[in-house]
Amino acid sequence: MTANKTPEHPLQLSGAEMRALGARAMEMVVRHFENNRDEPVACTLPRATTELLLRTPLSEHGTPVNELLDIVARDVFPNSLKTDHPRFYSFVPSPTNFVSVVGDLLTSGHNVFAGHWMAASSAAQVELTVLDWLKELIGFPADGAGIFVSGGSMANLSAIAAARDDRLGGPAADAVVYCSDQTHSSVAKGLRLIGFAPNQRRIVATDDDLRLSIPALEAAIRADLAAGLRPFCVVANAGTTNTGAVDPLGPLAQLCAREGLWLHVDGAYGAAAVITERGRAALAGIELADSVTLDPHKWLFQPYELGCLLVRDAGALRRAFRIEDDDHPDYLVDVVRHVKHDVNFFEYGPQLTRSFKALKLWLSLRAFGLAEFRRAVDVGFDMAEHAERTLRASGAWEVVTPAQMGIVTFRWRDDTKTPQEIDAITSRTVDLMREDGYALVMSTMLRGRPALRLCPINPGTTAAEIDETIARLQRFSAQGNPA
Ligand SMILES: Cc1ncc(COP(=O)(O)O)c(C=O)c1O
């Protein structure tokens with residue numbers, strides 16, 4: 001099959017060709033789902049190798065598409081970290097589900113423009129419906145608003161843009177935002193991108209449990225007010241990427257209400273856990289926030305890229321991303337005239353052209369039902385708690401932070417070694433584990449020292465796999481001080 005030549009029109013395939021190509025591609029995906037567990041969890045090639053494998057000149061002439069799929073299957077997909085693998089325990093895993101994969105195919109195949117109502121009324125209705133579900137799960141008022149974006153970075157950036165517009169009316173050199181030393185880097189990046197200087201961000205200390213310290217925050221706000229500055233926003237964590245720690249959301253909401261500050265909760269990783277009993281308890285107070293980031297492509301089992309921002313005050317979100325009447329592009333005059341009172345997502349986020357992002361989430365939530373998603377999230381809690389029990393029972397490990405929100409951190413325990421020697425063992429264990437290839441386990445820095453970190457939120461992960469992973473970590477760490 002040559003995908004790029006048909007007798008009549010450019011870039012078209014016949015029905016038979018499309019079916020054959022689609023069947024082949026679908027077979028590749030189904031095989032990935034079926035065999036994932038038995039495939040290597042991670043492979044990273046050096047640049048010199050990828051150049052040899054994949055660099056070609058752009059040709060005037062087409063290549064049979066089946067040959068290209070062979071290249072993709074052989075040289076592209078295997079050479080990655082498989083974030084959807086049942087033994088991928090690093091960073092934030094992204095296990096998916098096949099129904100959502102089909103949702104992505106349909107989204108792409110129909111290429112719906114979901115930027116305004118006229119273009120995609122029913123798609124907008126689907127997105128509004130899913131946003132309402134998420135608002136209800138979080139405990140937000142029904143008249144709040146939200147938007148699906150590419151991920152947590154874009155949701156956090158959009159949240160602080162809305163907070164700034166709402167509380168300050170625009171850029172202000174004397175404005176100050178507060179976050180903790182555990183806050184995700186996307187917040188600092190977002191602040192910088194929308195024009196905040198580094199000295200407008202206060203990094204507030206955390207307590208022993210790596211939760212934002214309220215006394216430290218109060219002291220920082222008092223000092224800034226005394227210096228004539230304008231505190232306007234607190235960014236809290238609902239499941240830090242490092243340890244799963246949840247900041248004291250209820251007390252933070254009270255403090256913010258008292259001081260007139262916007263409370264943004266970065267629940268990119270953890271907010272989805274609100275659908276479970278353990279998550280609901282850990283996230284108490286999230287419903288009081290002004291805005292929440294929740295990434296379905298993290299703990300709601302959606303393929304990339306699906307992030308979401310929920311905002312209590314719909315008007316605040318719309319005002320921040322509105323286009324003034326005079327600024328509308330001329331070619332959108334009919335759209336604006338006709339759909340002024342409908343929901344146009346280009347007025348709720350940074351993009352004009354955007355895809356029908358929520359279809360896959362709508363499809364999978366409806367197909368499986370919420371109870372099945374709850375069961376899937378619960379596996380993450382169970383596996384992290386199982387890991388913590390196993391680590392403690394062995395006596396070989398110091399649990400640095402207990403299992404919380406699906407994450408546990410730990411390091412080798414050996415009273416004859418110095419902290420520096422233990423740290424070297426931690427780093428060496430990560431390297432040996434990567435070479436071994438059974439599971440992907442990395443470290444993170446906690447209070448200036450490395451600690452091993454397990455984030456076993458893939459609903460396919462088994463307790464036996466956790467046990468085997470810990471057994472191997474133990475073997476590698478026991479090999480002694482590498483220094
Ligand atoms: C807590 C938290 N916030 C924000 C982000 C950024 O999200 P994204 O990578 O989807 O842009 C992450 C990513 O892991 C995260 O864990």
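## What covers helix α4

Among the elements that cover the buried residues of α4 is α14 (359–368). Contact here means heavy atoms within 4.5 Å, and buried means under 20% relative accessible area, with exposed over 50% and partly exposed in between (1.4 Å probe, protein chains only). Helices (H or I, at least four residues) and strands (E, at least two) are DSSP runs, numbered from the N terminus.

A quick word on the model: it is predicted, so local features need pLDDT of at least 70 and side-chain atom pairs count only at pLDDT 80 or more, while totals for chains, interfaces and linings use all residues. Residues are numbered from 1 along each chain as its sequence is written, and side-chain values use heavy atoms, with hydrogens and water left out.

## Helix α4 from end to end

Helix α4 spans residues 98–110, 13 residues in total, and its first and last C-alpha atoms are 18 Å apart, close to the 18 Å expected at 1.5 Å a residue; that expected span is 1.5 Å times one less than the number of residues. Its buried residues are Ser100, Gly103 and Thr107. Viewed down the axis of α4, these buried residues fall within an arc of 45 degrees, so they line one face of the helix. The arc is taken from the directions from the helix axis to the C-beta atoms. An α-helix has 3.6 residues a turn, so residues three or four places apart point the same way. On the other side of α4, Ser108 and Gly109 are exposed.

At the start of α4, a side-chain oxygen of Asn97 comes to within 3.1 Å of the backbone nitrogen of Val99. Just after the helix, Asn111 adopts a positive phi of about 50 degrees.

## Asn344 in its loop

The loop between α13 (333–339) and α14 holds Asn344. Is Asn344 buried or exposed? Asn344 is buried, with a relative accessible area of 2%. Leaving aside residues up to four places away in sequence, Asn344 touches Gly115, His116, Trp117 and Val339. A polar atom of the Asn344 side chain lies 2.9 Å from the backbone nitrogen of Trp117.

## The open sheet

Now for the strands: 7 of them form an open sheet with mixed pairing, in the order β1-β7-β6-β5-β4-β2-β3. Strands β1 (145–149) and β3 (201–204) stand at the edges with a single partner strand each, so one side of each has no neighbour in the sheet. Two strands pair if DSSP finds at least two bridges between them.

Strand β2 (residues 175–180) runs parallel to β3, and 4 bridges join them. Ser180 stands opposite Val204 in β3.

Notes:
Polar contact = N/O pair within 3.5 Å; in protein donor to acceptor, adjacent residues only side chain to side chain.
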